[in-house]
Amino acid sequence: MARRELPEINAGSMADIAFLLLIFFLVTTTMDVDTGISRKLPEKQPEDIDAPKLKEKNVFVVTVNRNNNIMIEGDKFIQIDQLRDEAIKFIDNGGGKGNPIGEAEAAECDWCEGAKDPASSDHPNKAIISLESDRGTSYGTYISVQNELVGAYTDLRNRLSKKMYNITYIELVKQSNNDMQNESLKEKIKIIKEKYPQIISEAEPFK
Amino acid sequence: MSKFKKKKKGMPGISTASLPDIVFMLLFFFMVTTVMRETDLKIKQTLPFATEVKKLERKSLVSYIYVGKSKVEGQGGDKIQLNDRISNVEDIKYFIFAERETHPEEEIPLLTTSIKADIKTSVGTITDIKEELRNINALKINYSTRKGDVSKNMN
């Protein structure tokens, strides 16, 4: 019996098939990476609970009205690019004694570099930023304000981390994410977070 | 002399034999780097800019709430889209419950809700959504933004 050669499969249309698949994937998929500002909402409180008493000087009120104007401390209109510096000035003031951390006695903030103005916040762990917004405020402005406030904390943490460990806080977090088992990095992050805790409170918007 | 006469004139055609390989390479690149589009947006959307952004890890733990103006002309007001439908604020709890059903018990505290809202949305709508999420104890949220300077949000 004569051996017949198998005819070769024509691969000329392979490119067409591959193109078809390629175009299908181009159309049905997206490439975007999701990024955003992460926040944790406060838990629902019972109606009859008493609000904790706070000294007025420890609260930094940021108000945004429906025309997207930003006002701080109820009396000063500012632009968005000034907000971060104002917030840093407030948090980093260190005019008095803070809340006791763990077992330690209430102590002054010895890592703060602020003006130590007795009329402003006592300590970063007492300093509260309160954000009030109108229902008509645009979301863009709202995000900008949130971003600047979170940015103020990040700047302070970066500065402190640079001083203590000679590396920025952002870099520290990045390294820790790449190396989950490293306990010393986690410990460092915890210390920095304890020294500048992020306390941003959002009031119910006024109508 | 016939040896020399055989020489062809003109350019030889480019071989297309490696074309499938090239296209397959592109195909695999796109298959690996992209994710399937999950929903069709029924609303117009431009996300705001922010600098202090974090990347959302583990997409399977994230549920999305889209907010913006309707694409259909003549429908005013901010609309909320869950999955493929325009919905009301009250529907959010069922949406989150349905989302929780699909995850094992121990992953439920890790579930994140990503709010993808248009830059011109009013904060009132966002507050209503947040209130609804607080009611059902879905506290981890993420305001979806693009990376960029905040001054671009203002116009």
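A residue is called buried if 20 or more other C-beta atoms lie within 10 Å of its own, exposed if 12 or fewer do, and partly exposed in between, with C-beta atoms placed from the backbone. The model is predicted, and local features need pLDDT of at least 70, side-chain atom pairs count only at pLDDT 80 or more, while totals for chains, interfaces and linings use all residues. Residues are numbered from 1 along each chain as its sequence is written, and chains are lettered from A and ligands numbered from 1 in the order in which they are written.

**Exercise 1.** Work out how strand β6 (residues 78-82) of chain B is placed in the structure.

*Solution.* Strands are DSSP runs (E, at least two residues), numbered from the N terminus. Five of the five residues of β6(B) are buried, so the strand is largely enclosed by the rest of the structure. B:Asp78, B:Ile80 and B:Leu82 point one way from β6(B), whereas B:Lys79 and B:Gln81 point the other way.

Next come the partners, where pairing requires that DSSP finds at least two bridges between two strands. Strand β5 (residues 62-70) of chain B pairs with β6(B) in the antiparallel sense over five bridges, and B:Ile65 stands opposite B:Leu82. Strand β7 (residues 85-87) of chain B runs antiparallel to β6(B) and is joined to it by three bridges, with B:Gln81 opposite B:Ile86.

How values were computed:
Helix = DSSP H or I, 4+ residues; strand = E, 2+ residues; numbered from the N terminus.
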